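Jotting things down as I go.

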Amino acid sequence: MSETTSTNEEKKKPPLNGRRALPSSNSNDEENEVPEMEAFGLIPRGFNPKDYLRVVDIHLFKEPHEINKQKHHTDKYYSPKLIVRRGQPFQIQIDFNRPYNPETDQFWLEYLIGRYPQQNKGTYIPILLSDVLKPGEWGAKITHKENNSIRLSIMSSATCIIGKFRLYVAVWTPFGILRTPRNSATDTYILFNPWCQQDAVYLDDEKEREEYVLNDVGIVFHGNINDIKLRSWSYGQFEESILDACLFLMDKAELELSGRGNPIKICRVASAVINSRDDNGVIAGSWDNTYTYGVPPSAWTGSVDILLEYYSSKQPVRYGQCWVFAGVFNTFLRCLGIPARLVTNYSSAHDNNANLQMDFFLDDEGKVDTKITKDSVWNYHCWNEAWMTRPDLPVGFGGWQVVDGTPQETSDG
């Protein structure tokens, strides 16, 4: 008996991947402990950290009316944290215990995300001071010095991970590195940047950016081809806690942090996690007019209640149909900074076996045999389009990409 149990347990264990030094990191919420004093060896008796440059305070200019949120088009986010877009400089101020002397003092910034930060994965980012900022690459330079304070301009990479980073300031001493303590008030959210030419989601039309990134309401067309109806939908991508809820969706989908700078990967995993089929995702679909333990899809007027309910309960919200999936998907994309729009298609053919044709099987009486006919034509169907470059496809395939959160068939597994 014990032998079989142990073999069963052995079978259950995931195979060890010999090349992976650390477990995969797929949660933005988990953290590692970062030492405030990282000694180089034995510390001499007379060492006093107070003798060295010490950070007293860090200012992030994160209010909606201040420079960072204004310049980065993030002033509408209802959040007390700093929210910036990648590939574009932002300002911070550091107050020290005494004037900073570049001849003798050395400090740098560290941005960390997830539990196992690694430099080669882009989850640990040390930033040394330099004289010039290279566009679209991590860097920092001093723009202003006054008394004990310095003002820094920080450039983030145009390909960096999207998510919530922790900030530390590290000071070098002969005996070890002194770091600022963990402070969630200095957490910094970095989003996609449709205003930055080097970003994969760059959109060069200001009117379109206003509409497809910053507009938080929209219209959804429904009905049928002879009777087109419309309903308004509140995307609410800037509402309180929605950004955190959207980042949680990527954790839920177990998308590795190192893949979260790539809009293609994000769209793929999001199209799966928006619906509850096979992964306990955001919305449970129902098409048979029974809505027990939930509300009918037509009861929803926006995405905010759905996302917040899912974020707190971690259980699928009941119920949705195509326009609900598409409305929530649109919120997710715009919230992270990916230009997105909702599309309605009338007399929408649903091809079940990917042969690009509609197959109807008739019985002896010439009626459609519903047992073996799987293809169908829907009155209408809603999905989304997201704007991005496609370096993985031949030239000319970039631009608006069709993404669909309504559960249908799995695609390539």
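This is a predicted model: local features need pLDDT of at least 70, side-chain atom pairs count only at pLDDT 80 or more; totals for chains, interfaces and linings use all residues.

**Helix pair, then cores**

I started with α4 and α6, whose axes come within 9 Å and cross at roughly 55°.

Next I looked up who makes the contact. From α4 I wrote down Ile242, Asp244, Ala245, Cys246, Phe248, Leu249 and Lys252. On the α6 side I found Val304, Leu307, Leu308, Tyr310 and Tyr311.

Then I turned to the largest nonpolar core, which has 57 residues. Leu243, Leu249, Phe332, Leu333 and Leu336 have the most contacts inside this core. Elements giving it two or more residues include the helices α3 (206–214), α4 (242–252), α5 (263–273), α6 (304–313) and α7 (322–336). The strands β11 (188–191), β16 (340–350) and β17 (376–388) are on that list as well. I checked which element gives the most, and α7 does, with 11 residues. Domain 1 (37–191) and domain 2 (206–403) each supply at least three residues to this core.

Leaving out residues up to four places away in sequence, Leu243 touches Tyr77, Ile83, Tyr189, Leu191, Cys335 and Leu336. Apart from the 57-residue core, I found another core, of 29 residues. Among its members I listed Tyr111, Ala140, Leu152 and Val171.

Terms used. Residues are numbered from 1 along each chain as its sequence is written. Side-chain values use heavy atoms; hydrogens and water are left out. A nonpolar core is a set of buried Ala, Val, Leu, Ile, Met, Phe, Trp, Tyr and Cys residues joined through side-chain atoms within 4.5 Å. Buried means under 20% relative accessible area, exposed over 50%, partly exposed in between (1.4 Å probe, protein chains only). Helices (H or I, at least four residues) and strands (E, at least two) are DSSP runs, numbered from the N terminus. Domain bounds come from an automatic or database domain assignment. Contact means heavy atoms within 4.5 Å. Axes are lines fitted to C-alpha atoms, for helices over the stretch in contact, and angles run from 0 to 180 degrees between N-to-C directions.
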